[in-house]
Amino acid sequence: MVCGGFTCSKNALCSLNVVYMLVGLLLIVVAAWGKGFGIVSSIHIIGGVIAVGFFLLLIAIVGLIGASSCLTCGEKMLQHSSEALKILGGVGLFFSFTEILGVWLAMRYRNQKDPRANPSAFL
């Protein structure tokens with residue numbers, strides 16, 4: 001059976017995040033197992049692998065929550081993003097005017113000769 005719309009993407013993202021959760025747990029368990037049996041003696045390596053596993057596990061959980069979002073959450077996010085884009089458009093328009101002013105000032109004063117550089121040229 002073929003699914004349409006967001007259903008296939010949602011299921012694929014959920015399954016991918018579950019795989020990432022398993023990989024994160026595997027990293028944590030293997031690092032602890034290696035330290036416990038004395039295979040790896042460096043605490044820095046063990047700490048790094050556990051930190052990467054924890055970070056991957058955390059991101060996978062957040063991704064799993066985000067992949068299974070409700071419709072009201074999506075509507076709120078769209079409303080918030082449209083407000084943010086309106087504000088950013090105004091800020092961008094303001095800075096475009098300051099760039100035009102900078103170009104005008106550069107063209108006006110860039111090629112102006114300094115009379116102190118060569119006084120005989122202005123006599």
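**Figure 1. Polar contact between T98 and the backbone of F95 in the predicted model.** The side chain of T98 places a polar atom 2.7 Å from the backbone oxygen of F95. T98 belongs to helix α3, which covers residues 71-109. The relative accessible area of T98 is 33%, and because buried requires a value under 20% and exposed a value over 50%, T98 is classed as partly exposed.

**Figure 2. Aromatic pair formed by F94 and F95.** Two aromatic pairs are found when the whole structure is searched. One of them joins F94 and F95, with 5.3 Å from centre to centre and 70 degrees between the planes. The arrangement is edge-to-face, because planes over 60 degrees apart are put in that class. F94 has a relative accessibility of 52% and counts as exposed. F95 has a relative accessible area of 47% and is partly exposed. The backbone oxygen of F95 is also the atom that lies 2.7 Å from the side chain of T98.

Figure 3. Helix α3 spans residues 71-109 and includes T98. Of contacts between residues at least 6 apart in sequence, 66% link residues at least 24 apart.

**Figure 4. Surface of the chain.** The accessible surface is about 10,100 Å², and carbon and sulfur atoms account for 74% of this area. Buried residues make up 8% of the 123 residues in the chain.

Methods: Residues are numbered from 1 along each chain as its sequence is written. This is a predicted model: local features need pLDDT of at least 70, side-chain atom pairs count only at pLDDT 80 or more; totals for chains, interfaces and linings use all residues. Side-chain values use heavy atoms; hydrogens and water are left out. Helices (H or I, at least four residues) and strands (E, at least two) are DSSP runs, numbered from the N terminus. Buried means under 20% relative accessible area, exposed over 50%, partly exposed in between (1.4 Å probe, protein chains only). A polar contact is a pair of N or O atoms within 3.5 Å; within protein, one must be able to donate a hydrogen and the other to accept it, and residues adjacent in sequence count only if both atoms are side-chain atoms. Contact means heavy atoms within 4.5 Å. Accessible areas come from the Shrake-Rupley method with a 1.4 Å probe; for residues, only the protein chains shown count as cover. Rings of Phe, Tyr and Trp (its six-membered ring) pair if their centres lie within 6.5 Å; planes under 30 degrees apart count as stacked, over 60 as edge-to-face and the rest as tilted.
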